[in-house]
Amino acid sequence: MSDVLGNPVIPPDASDSLAVLEKSRATAETFGIPLAVLLEITHRCPLQCPYCSNPVELDRSGKELTTDEWKKVLSELAEIGVLQVHFSGGEPTARKDLVELVKHASDVGLYTNLITSAVLLTREKLGELADAGLCHVQISFQGIEESLADRVAGYKGGHRKKLEVAKWTRELDLPLTVNAVMHRQNLHQLPDIIQMSVDLDADRLEVANVQYYGWALKNRAALMPTVAQLDECTEIVEAARERLKGRLTIDYVVPDYYALRPKKCMGGWGRQFFNISPAGKVLPCHAAESITGLDFESVRSNHSIAWIWQNSEAFNRYRGTGWMKEPCKSCEFREIDFGGCRCQAFALTGDAANTDPACALSPLHETIFKQAEAEAEGETNRFLYRNFAGGTLESENGA
Ligand code: SF4
Ligand code: FES
């Protein structure tokens, strides 16, 4: 018996699929278990970014996995062949047990990355994390100019603190990635953000144009860049890549509304990626819970993570190409982009099995392109800030 990937299927009653993997002498690779996993250990966060990738329905702290449950997850991930974990959130440093979790991850042999807004960190806490075995730090920046950056984050004093923590990171000899989320209201600061990354001695800069689902979809009219802005941004990135070769690696993500072909989201559903939510749900992508009608298995269930990856209904629903409708079904690119993003297809068409409207072959492509252009030229600048109450609209004077 084999699945859509041509892999042997683990019987659904296997409570510990690792044993099954071992028995069949299979490795994680044979089963396509990803090498890196995103752990959203909490949705709590002092920032309120209007493009947050968390679901609009956030997990409350009472639902979060306990320290022991996360440790068990980390051990299991290491056992099934995962090499790298990204501690993320919300804000992962909001959890008091982060040092303990990083230490455990390090003890079981995992490479650890901290994805943080940095505003809750002290020099002492960062030192403790480094001593616990933390391997890498990624800090998000909302801009270069304090007033704008703090306004986007909805958090006064945040930008200054981030600069401080970035400096401590390098003093502790930890590699640093700057994550700059770009949109219409901060794209003009891109050249200075690149220079800031050089000055902070970062190894890598992610120029990540906002992707529009969840909170960002709610804020699309306030965030969507113009085509002209985006073209300029691409030129700036290309020139900087050339100029800073060997000094700063620059990753570049464009908003796919303006593309002709969609992105291969998550490398294809259930192919290269999974993440675990604060409450322990194992998800094919960070926005997967926005798709209604899918049930996601939890690490609190009787199933192992490897079983969930291989056999759960949610992972198999859009895995491979068998689920596709036209135009994807007979398209020559179907195994290249896997029909784009399922979450975007659901958000914009109401059916996750439809072609992602970012694709020029989608009947909706023209409509969303025109909508994006109109919003980019529009007057809406006020943000709906992310919070547990379902969002708060920024006041007229930007406070
Ligand atoms: Fe990709 Fe589907 Fe568009 Fe073809 S029709 S390019 S498979 S999204
Ligand atoms: Fe979920 Fe693209 S964000 S598949």
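## Ligand site

A residue is taken as near a molecule if its C-beta atom, placed from the backbone, lies within 6 Å of it. This is a predicted model, in which local features need pLDDT of at least 70, side-chain atom pairs count only at pLDDT 80 or more, and totals for chains, interfaces and linings use all residues. Residues are numbered from 1 along each chain as its sequence is written, while chains are lettered from A and ligands numbered from 1 in the order in which they are written.

Around ligand 1 there are 14 residues, the closest being Cys 328, Cys 331, Phe 333, Cys 359 and Leu 361.

Helices (H or I, at least four residues) and strands (E, at least two) are DSSP runs, numbered from the N terminus. Strand S1 (residues 36-40) has four of its five residues buried, a term that requires 20 or more other C-beta atoms within 10 Å of the residue's own, with C-beta atoms placed from the backbone.

Strands pair if DSSP finds at least two bridges between them; S1 pairs in the parallel sense with strand S2 (residues 84-88) over five bridges, and with strand S8 (residues 275-276), also parallel, over two. Leu 38 has His 86 as its bridge partner in S2 and stands opposite Asn 275 in S8.

## Gly 214

Gly 214 lies in the loop between strand S6 (204-209) and helix H8 (215-218), and counts as buried because it has 22 C-beta neighbours inside 10 Å. From C-alpha to C-alpha, Gly 214 and Leu 384 are 12 Å apart in space, although 170 residues apart in sequence.

Key: Buried ≥ 20, exposed ≤ 12 C-beta atoms within 10 Å, placed from the backbone.
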